[in-house]
Amino acid sequence: MIKDLLNKRKYITVSTVGLQLGENEIEERPNIPNGMWSKCNNCGKIIYTEDLKNNLQVCSNCNYHFRIGAYERINFLVDKDSFKEFNRGLIGNNPLNFPDYEEKIKASSRKSSTNEAVVTGEAKIFSKKIVLCVMDSNFMMGSMGIAVGEKITNAIEYATKNKFPLIIFTCSGGARMQEGIFSLMQMAKISGAIARHSQAGLLYLTILTDPTTGGVTASFAMEGDIILSEPRCLVGFAGRRVIEKTINEKLPNNFQTSEFLLEKGFIDKIVNRKEIKSVINTILKIHEVKIYE
């Protein structure tokens with residue numbers, strides 16, 4: 001009897017015909033406002049967006065750090081009402097007359113609510129004055145053009161003149177191809193300003209965020225006196241496939257992650273977003289005598 005049951009080959013047929021509503025019937029569907037829920041890119045968990053915002057855009061299930069905009073980062077990082085922005089109206093032009101470049105700049109500005117891929121200014125962290133540069137991936141993936149290089153250089157020179165520590169949050173796809181060699185020149189210009197800041201005996205702190213790649217990695221992102229990183233960041237110069245084809249070898253799965261770089265000694269510490277302000281405060285305390293002597 002059991003054998004006959006297991007060998008059964010006839011099953012009920014499920015109709016594929018949709019249900020029709022009558023003329024006077026109203027289809028009831030849950031009314032969920034757009035943007036109320038967010039999905040974690042790492043673990044796939046559905047998160048109440050307001051809870052995600054209150055947790056500084058970090059998944060409470062797997063600690064995945066969502067990418068955030070420059071102003072959002074500044075708001076939770078610095079003391080209230082202490083940020084004074086530099087060069088807000090400074091924007092680049094189109095030196096190579098690259099097709100549709102101006103339209104892309106305008107679209108990125110609307111998306112990110114910034115005029116360029118970096119926001120710079122003077123601020124306080126636990127009452128300690130600093131100069132802060134925060135790159136924004138929402139603006140053409142944080143790519144570095146003439147305006148980005150000029151804004152960061154001006155901020156570094158201001159920090160050097162006033163003997164302030166410098167903090168840069170990096171986030172970039174690298175040099176901006178629409179500006180060609182002019183973009184690549186910013187690597188040397190920024191690095192030169194950082195060298196003068198260092199020669200003045202001042203602290204330069206870098207915090208790597210996802211992603212930090214290309215010319216930014218090859219220059220000022222790796223020039224910090226202390227280099228911190230958020231968890232699970234993509235950090236590298238050339239792309240993974242390019243490197244594998246070049247050296248004809250398979251790279252480790254965690255290659256070009258912040259955890260891999262920590263293991264190899266490229267960065268000093270991985271810090272969760274909720275802890276970054278207190279860690280920066282500790283570093284500033286340690287260097288306070290040298291900074292303000």
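This is a predicted model: local features need pLDDT of at least 70, side-chain atom pairs count only at pLDDT 80 or more; totals for chains, interfaces and linings use all residues.

Reader: Okay, how far does helix α6 reach from its first C-alpha to its last?

Author: Helix α6, residues 180-199, reaches 30 Å, close to the 28 Å expected for its 20 residues.

Reader: And which residues of α6 are buried?

Author: Start with the general idea. An α-helix has 3.6 residues a turn, so residues three or four places apart point the same way. Now the case here: the buried ones are Ser183, Gln186, Met187, Ile190, Ser191, Ala193, Ile194 and His197. They cover an arc of only 165 degrees around the axis, so they sit on the same side of α6. Facing away from that buried side are the exposed residues Ile181, Ala188 and Gln199.

Reader: What covers the buried residues of α6?

Author: The cover includes α5, β6, β7 and α7.

Reader: Now the site. Where does UniProt place the "binding site" feature?

Author: An unreviewed UniProt entry puts it at Cys40, Cys43, Cys59 and Cys62. These are spread over 23 residues of sequence, yet they cluster in space, with a largest C-alpha distance of 8.8 Å.

Reader: Is Cys59 buried or exposed?

Author: Check the relative accessible area: under 20% counts as buried. Cys59 has 2%, so it is buried. Beyond its sequence neighbours, Cys59 touches Cys40, Cys43, Ile47, Leu52, Tyr64 and Phe66. Cys43, in the loop between β1 and β2, is partly exposed at 33%.

Technical notes:
Residues are numbered from 1 along each chain as its sequence is written. Side-chain values use heavy atoms; hydrogens and water are left out. Helices (H or I, at least four residues) and strands (E, at least two) are DSSP runs, numbered from the N terminus. The expected span of a helix is 1.5 Å times one less than its number of residues. Buried means under 20% relative accessible area, exposed over 50%, partly exposed in between (1.4 Å probe, protein chains only). The arc is that of the directions from the helix axis to the C-beta atoms. Contact means heavy atoms within 4.5 Å. UniProt positions are given in the numbering used here, feature names are shortened, and annotations may be inferred rather than shown by experiment.
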